[in-house]
Amino acid sequence: MNALGLIAGLLGFAAVALGAFGAHGLEGVLTAEGTEWWHTATLYALPHSVAALAIALHGNTGLLRKAGWAFAIGTIIFAGTLYAMALGAPRWFGAITPIGGVSLLVGWALCAVGARRT
């Protein structure tokens with residue numbers, strides 16, 4: 001089983017579903033700040049899940065595979081904490097969000113280094 005591909009596909013599905021839900025199902029429910037968090041979470045979740053899926057489907061190993069996992073983990077943490085805060089989780093979740101952002105940055109750095117080495 002390609003675990004990274006499975007997780008990336010699920011993250012992509014979730015990004016689209018949650019983006020649509022935020023636009024239609026939560027209209028008028030979220031605060032202005034919550035709406036902004038929701039949009040930011042979706043904006044980051046979708047391209048990073050696609051990047052992780054591309055790596056998983058390409059069958060890369062080494063640094064590029066690690067980049068895919070960094071994207072998946074970063075998406076879960078970054079978008080997950082923003083979605084949670086938008087829905088009313090304590091603001092201290094915002095202290096966790098940058099960990100996800102750093103993971104996304106690490107993913108892109110690993111992509112660059114891995115591509116350089118091939």
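User: How do you know that the span of helix H4 agrees with its number of residues?

Analyst: Helix H4 covers residues 97–117, which is 21 residues. The expected span is 1.5 Å times one less than the number of residues. That should give 30 Å, and the end C-alpha atoms are 31 Å apart, so the two agree. Helices here are DSSP runs of H or I, at least four residues long, numbered from the N terminus. This is a predicted model: local features need pLDDT of at least 70, side-chain atom pairs count only at pLDDT 80 or more, and totals for chains, interfaces and linings use all residues. Residues are numbered from 1 along each chain as its sequence is written, and side-chain values use heavy atoms, without hydrogens and water.

User: What do the buried residues of H4 pack against?

Analyst: They pack against helix H2 (32–58) and helix H3 (63–86). Contact means heavy atoms within 4.5 Å. Among the buried residues of H4 are Gly100, Leu104 and Cys111.

User: Why is phenylalanine 71 called buried?

Analyst: Buried means under 20% relative accessible area, exposed over 50%, and partly exposed in between (1.4 Å probe, protein chains only). Phenylalanine 71 has 0%, so it is buried. Tryptophan 108 has 45%, so it is partly exposed.

User: What makes the ring pair of phenylalanine 71 and tryptophan 108 tilted?

Analyst: Rings of Phe, Tyr and Trp (its six-membered ring) pair if their centres lie within 6.5 Å; planes under 30 degrees apart are stacked, over 60 edge-to-face, and the rest tilted. By this rule there are 5 aromatic pairs. The centres of phenylalanine 71 and tryptophan 108 are 4.7 Å apart and their planes are at 55 degrees, so this pair is tilted. It links distant parts of the chain: phenylalanine 71 lies in helix H3 and tryptophan 108 in helix H4, 37 residues apart.

User: How do you know that arginine 91 and glutamate 33 meet in a salt bridge?

Analyst: A salt bridge needs a side-chain nitrogen of Lys or Arg within 4 Å of a carboxyl oxygen of Asp or Glu. Here the N to O distance is 2.8 Å. Arginine 91 is in the loop between H3 and H4, and glutamate 33 is in helix H2, 58 residues apart. The count comes to 1 salt bridge.

User: Are these two residues buried, partly exposed or exposed?

Analyst: Arginine 91 has 56%, so it is exposed. Glutamate 33 has 36%, so it counts as partly exposed.

User: Why does valine 16 count as exposed?

Analyst: Valine 16 is in helix H1 (residues 3–25). Its relative accessibility is 52%, so it counts as exposed.

Methods
Helix = DSSP H or I, 4+ residues; strand = E, 2+ residues; numbered from the N terminus.
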